[in-house]
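Subject: Structure for you to look at

Hello,

Here is the structure I said I would pass on. Please open it beside this message and follow along as you read.

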Amino acid sequence: MGDKHRVRFEPVGIEIEVDEDQTILRAASEQGLQLMHGCKEGQCAACKSFVLEGDVDDIDLDKYSTFALPDMEREEGQTLLCRAHAYDDLVIELLNYDEEIIRSGLPLRKGTVEVLANEPVTHDMRHLVVKQVAGEDIKFFPGQYMDLTVPDTGEVRSFSMANLPNREGVFEFVIKIYPDGVFSQFLEHKVAVGDRIEVEAPFGTCTLRENRTSDIVFIGGGAGMAPMLGLLRALAEKDGERKARLYYGARTKADLCFEDELRALEEKIPGFKYVPALSEAGGDDWDGETGLITEVVRANEPALEGMDAYVCGPPPMVDAAIALLTQRGMDEQHIYYDKFTTTGEPEDEG
């Protein structure tokens, strides 16, 4: 381990100790602080912050994308917490934060899980169910995600939990299969019941805000179904009166999944409506919505002032949804998402 330094986060006034060998985000996560983040790879800019006190030269950055942090912004004092190593005491201004989430964070835990089931739910998506069998108990909030390590490769991929927290240490995932994906091919051809996988969690800040009472719009696509299910299942357990709509985009009817449960949730959640849409519905017997999911939202949601949104799916869909939601009057601070950028594979999308 390297030398340790103090890092204080403003305007929340929280101070932590950071080892030089850790990124600032990693150190915060290990100490139970949930700072805003997405990819953890220096690509999405969700953790971008400003150095208030301390020299920029006292921060060393692991490899990152200059699209997330242009050289000019770095020279002006901005940094990416997921890539930043502190070599002196620092004061960091958080540019994107939610104090409730920061203070209610859960510490990172590593463990081993055993596969209980690996079943197809569409032609290219799997429902993976695992149970923790070793390590400290991993706790999480609905909407958060877990890092899974592909055995014998060291490759790590991130997937959102679809289930609610439980005492049994069971975790469910909905994972899209891609022809060239390292985890995809491992899942499709090698994973069997009883196999063990090394994991770490929880990550992500796309969780229900307990202090909010606004109605909610959920927008999902592909494997973004996983966090949507987790959030909706959590909403169904609450006694609140928050109305919700889920807009879910798929290519064809065969790409839809969990239809029966989502229809059942329409009876459990006050005012909840499930709206699937097909972008390639030509050969299907389909009388529902068609087109890109953002266009379906555009046609059905003329005004969104005062509402909240949760968005999960491929990065282009997330970007398009955020632009639309803000155009329709939603405060960007109340649009919650985890943007999974690719690390050489397209499956890191939820």
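I start with helix H8, which covers residues 315-327 and has 13 residues. From its first C-alpha to its last it reaches 18 Å, close to the 18 Å expected at 1.5 Å a residue. Please keep in mind throughout that this is a predicted model.

Which residues of H8 are buried? They are Pro315, Met317, Val318, Ala321, Ile322, Leu324 and Leu325. The elements that cover them include strand S14 (216-221), helix H7 (293-300), strand S18 (308-312) and strand S19 (335-337). Just after H8 comes Gly329, which takes a positive phi of about 100°.

The strands belong to an open sheet of six, in the order S17-S16-S15-S14-S18-S19, and the pairing is parallel. Its edge strands are S17 (289-290) and S19, each of which pairs on one side only. At the S17 end, strand S16 (residues 273-278) pairs with S17 in the parallel sense over two bridges. Within that pair, Ala277 stands opposite Glu289 in S17.

Helix H5 also packs on this sheet, where it touches S14, strand S15 (244-250) and S18. The direction of H5 makes about 150° with that of S14.

H5 has 13 residues and reaches 18 Å from its first C-alpha to its last, close to the 18 Å expected at 1.5 Å a residue. How many of its residues are buried? Eleven of the 13 are, and the helix is mostly covered. The buried ones are Met225, Ala226, Pro227, Met228, Leu229, Gly230, Leu231, Leu232, Arg233, Ala234 and Leu235. Covering them are, among others, strand S11 (156-160), strand S12 (170-176) and helix H6 (259-268), along with S14, S15 and S18.

One residue on that list deserves a separate look. Arg233 lies in H5, which spans residues 225-237. Is Arg233 buried or exposed? It counts as buried because its relative accessibility is 14%, and the cut-off for buried is under 20%. The side chain of Arg233 is joined to that of Glu261 by a polar contact of 2.7 Å. If you leave aside neighbours within four places in sequence, Arg233 is in contact with Ala162, Asn163, Leu164, Glu172, Phe258 and Glu261.

**The five-stranded sheet**

Now go to the other sheet described here, which is open and has five strands in the order S2-S1-S7-S3-S5. The pairing in this sheet is mixed. Strand S2 (14-19) and strand S5 (78-80) are its edge strands, and each pairs on one side only. From one strand to the next, the twist averages 40°.

You can follow three of the pairings yourself:

- Strand S1 (residues 4-10) pairs with S2 in the antiparallel sense over six bridges. Arg8 stands opposite Glu15 in S2.
- Strand S3 (residues 48-53) pairs with S5 in the antiparallel sense over three bridges. The bridge partner of Ser49 in S5 is Thr79.
- S3 is also joined to strand S7 (residues 90-94) by four bridges, and the two run antiparallel. Glu53 stands opposite Val91 in S7.

In case the terms are new to you, the strands of a sheet pair through backbone hydrogen bonds, either parallel or antiparallel.

**The annotated stretch**

An unreviewed UniProt entry lists residues 108-209 as "domain: FAD-binding FR-type". Over residues 108-209 the chain is 8% helix and 49% strand.

Helix H4 (residues 182-189) contains Val182. With a relative accessibility of 33%, Val182 counts as partly exposed, a class that lies between under 20% and over 50%. The C-alpha atoms of Val182 and Val156 are separated by 9.5 Å, and the two residues are 26 apart along the chain.

Regards

Conventions:
Residues numbered from 1 in each chain as written. Predicted model: local features only at pLDDT ≥ 70, side-chain atom pairs only at ≥ 80, totals over all residues. Heavy atoms only, no water. Buried < 20%, exposed > 50% of the residue type's maximum accessible area, 1.4 Å probe, protein only. Polar contact = N/O pair within 3.5 Å; in protein donor to acceptor, adjacent residues only side chain to side chain. Contact = heavy atoms within 4.5 Å. Pairing = 2+ DSSP bridges. Axes fitted to C-alpha atoms, helices over the stretch in contact; angles between N-to-C directions. UniProt positions renumbered as here; feature names shortened; annotations may be inferred. Expected span 1.5 Å × (residues − 1).
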